[in-house]
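Let's take a quick tour of a protein and the ligand that comes with it. Have a look at the structure first, then read on.

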Amino acid sequence: MTSQAPAAARSARSRAKSPSRSSATDKLARIGLTREEDLVLHMPLRYEDHTRVAPLAQVKVGETVQTEGIVVSAEIQYRPRRQLVCLIRDDARQASLTLRFFSFYPSHQKSLTPGARVRVFGDVRDGYFGPEIVHPQFKVVTEDTALPDRLTPIYPTTAGLSQDLLRKVIERAMAADPKRLVETLPEDVVRRRKLWKFEDAVRFLHAPPPRLSSLTQRALDARTHPAWTRLKFDELLAQQLSLKAHRKARSARRAPVLTGTGALTKALLERVPFKLTRAQERVWREIGHDLRRAMPMQRLLQGDVGSGKTIVAALAALQAIESGKQVAFMAPTEILAEQHFRKLSSWLADVGIEIAWLSGSLPAKQRRKAQELLASGEAPFAVGTHALFQEGVTMPKLGLAIVDEQHRFGVAQRLALRDKGLAEAHQLMMSATPIPRTLAMTFYADLDVSVLDEMPPGRTPVATRLVSEKRRTQIIEWVGKACREGRQVYWVCPLIEESEKLELQTAVALHQELTRAFGDEIRVGLVHGRMKPDEKAATMDAFARGDIGVLVATTVIEVGVDVPNASIMVIEHAERFGLAQLHQLRGRVGRGSTESTCVLLFEEPLTDTARQRLKVIYETTDGFEIARQDLLIRGPGEFLGARQSGVPMLRFADIERDVELIEQARDAADALLQSDPAAAERHLERWLGGKQDFIKA
Ligand code: ADP
Ligand code: MG
């Protein structure tokens with residue numbers, strides 16, 4: 001069927017640029033089709049039925065049809081805008097149909113000469129002069145021009161790459177080499193799992209027969225048809241095989257053996273004002289053990305907010321430093337990185353380890369200084385944002401990289417880190433968010449996981465109250481009373497993502513409002529992200545000493561702040577915060593012996609998502625459960641950071657819906673590597689061909 005850009009125009013344009021062959025190759029590459037073999041796996045988005053021609057008289061408005069008629073006229077009209085309008089009529093001259101083109105070439109008009117028979121395909125709508133199709137596909141035919149006997153596939157494509165051309169190259173690629181359709185799975189696997197044969201599935205999906213039952217048609221559209229299942233299975237199998245290959249490659253790589261001396265870690269443990277929990281002891285043993293091996297560690301440390309991951313990371317860092325190596329500690333945001341810097345500096349000051357601070361906002365001179373110290377190997381420990389690993393930063397003796405809140409880094413960033421020579425260093429990733437099961441089986445399957453499943457002692461449960469903004473005055477009174485009884489309060493400003501300036505203004509206004517409300521009796525402090533570090537520190541110290549009763553804060557206090565006497569938290573416009581943020585914030589209270597309360601002020605009306613989130617945070621205090629709910633509300637795509645990164649991942653399988661298939665593919669991968677490594681190799685080659693990777697940085 002003639003596509004919308006007529007052949008003449010197409011070749012004229014391609015002559016102007018480069019020979020048409022190579023430009024088609026470029027375009028195919030643009031959609032990731034670099035090998036002929038990739039074409040075989042390029043699957044249709046949907047299908048059109050061109051196998052039947054409906055008589056013109058039976059064409060109904062609202063349907064997608066193929067019909068035929070004789071051209072009566074084809075004229076360019078100029079009102080209301082330039083367009084080509086063609087009228088066709090059936091042989092009996094009973095029924096007619098208008099074809100309307102708003103974009104067209106002269107050749108369109110030429111082929112639509114009066115008297116010509118045309119076959120058209122498109123959506124029929126109710127036009128001014130009866131039924132019409134806008135931009136139909138059409139071709140000039142004779143009465144006995146054959147009809148296809150298969151559904152016509154519509155493929156994902158890119159500008160300038162016509163469906164006709166795609167169909168042709170795909171057909172050619174399938175026919176050219178029978179190896180491309182050969183079965184990679186052992187027969188018994190196919191039989192036992194009741195899978196379609198690869199060749200059958202591929203041929204079916206590229207050219208399904210017409211007149212499928214409505215059930216089959218629906219399964220085809222929803223990608224639940226057995227032909228789709230086979231492709232999904234193969235894709236997931238390739239992913240599992242690639243993960244296993246990656247693990248094998250990792251075990252063959254050499255990272256520095258970080259035996260340590262115990263001197264620094266012991267000194268740190270003596271200096272911190274607490275004893276490790278049993279969970280921390282266990283996790284620290286696991287990590288310490290990994291670091292003593294030559295296989296690069298890739299371990300994820302999971303633990304709820306406040307479970308004490310930082311001290312474990314610090315111990316790991318010191319073991320590396322004792323072994324004469326350098327350590328990089330990265331956090332996804334400036335604030336979080338700064339908190340770590342301050343905490344680690346205070347812990348390590350007496351131990352005699354100085355920390356180099358690196359962040360995006362550091363003045364050029366200081367940045368250069370830090371970079372030099374790191375490059376010469378003089379500075380053993382760097383803390384910062386991921387700017388740390390951007391251009392200009394080299395750490396020749398890097399032995400361990402620690403990544404906090406790793407799930408907040410996108411997949412692309414993790415890949416970039418992997419390319420930064422981290423392959424030869426040990427890696428410790430930390431997260432307060434548990435990995436959903438399906439992700440653990442797929443994209444993260446290569447990681448070892450340690451879990452901190454115990455909270456440090458001395459935490460008291462926090463009572464959560466949801467209060468409408470309308471009762472704000474009462475809350476202010478209640479807070480005043482609590483302060484007079486010696487309690488301390490965090491009052492968190494509304495989050496205004498669009499405008500930092502507006503957020504700041506709101507913070508200042510809130511500070512004034514509360515200062516007026518509490519008079520001289522209670523001192524109200526203010527911290528926000530725009531303050532200089534020493535100002536911020538001074539205010540925080542005054543709050544920690546108890547000189548400040550109510551601390552108005554923007555979300556800078558989300559992480560790391562530790563004031564045991566603060567037992568009340570008020571969060572304004574709680575409906576604007578994400579679940580993880582609310583959980584982090586609430587974790588700032590309940591650290592002392594007093595009963596703590598978290599007041600979530602919300603403004604009505606609430607959106608459905610906001611209502612769901614507030615319900616979860618009200619009902620649950622378990623961070624893992626909250627994270628699980630968060631994923632249900634947001635979906636795992638967020639978790640992977642894939643939406644921003646654009647990294648190609650699974651094309652056919654869906655990690656939410658295809659759980660069972662994932663499990664089957666995992667088992668099949670093990671079995672295949674055992675029974676037929678060569679087939680596993682062929683399978684990987686077919687699906688990955690060395691070009692694409694299933695992330696496990
Ligand atoms: P997270 O896991 O959220 O990163 P942190 O490492 O920030 O948690 O620890 C939270 C707080 O608990 C910090 O003030 C930390 O010093 C303290 N802490 C850590 N381990 C213990 C422990 N074993 N006993 C008492 N307090 C601890
Ligand atoms: Mg932390």
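Does Met174 count as buried or exposed? Keep in mind that this is a predicted model. Met174 has a relative accessibility of 10%, and the cut-off for buried is under 20%, so Met174 counts as buried.

Where does Met174 sit? You'll find Met174 in helix 5, which covers residues 163-176. Setting aside neighbours within four places in sequence, Met174 is in contact with Val40, Leu181, Val202 and His206. Take Val202: 28 residues separate Met174 and Val202 in sequence, and their C-alpha atoms are 9.3 Å apart in space.

Now over to ligand 1. It has 18 residues around it, and the ones that come nearest are Lys275, Gln280, Gly306, Thr310 and Asp562. Sorted by type, the shell around ligand 1 has 5 nonpolar, 6 polar and 7 charged residues. Helix 12 (309-322) and helix 13 (334-348) each bring at least two residues to this shell.

| Residue (polar backbone atom) | Atom of ligand 1 | Distance |
|---|---|---|
| Gly306 | oxygen | 2.6 Å |
| Gly308 | oxygen | 3.1 Å |

How much of ligand 1 does the protein cover? On its own, ligand 1 has 570 Å² of accessible area, and the protein covers 86% of that.

Technical notes
Residues numbered from 1 in each chain as written. Chains lettered and ligands numbered in written order. Predicted model: local features only at pLDDT ≥ 70, side-chain atom pairs only at ≥ 80, totals over all residues. Heavy atoms only, no water. Near = heavy atom within 4 Å. Polar contact = N/O pair within 3.5 Å; in protein donor to acceptor, adjacent residues only side chain to side chain. Areas by Shrake-Rupley, 256 points an atom, 1.4 Å probe, with all protein chains shown as cover. Helix = DSSP H or I, 4+ residues; strand = E, 2+ residues; numbered from the N terminus. Nonpolar A, V, L, I, M, F, W, Y, C, P; charged D, E, K, R; others polar. Buried < 20%, exposed > 50% of the residue type's maximum accessible area, 1.4 Å probe, protein only. Contact = heavy atoms within 4.5 Å.
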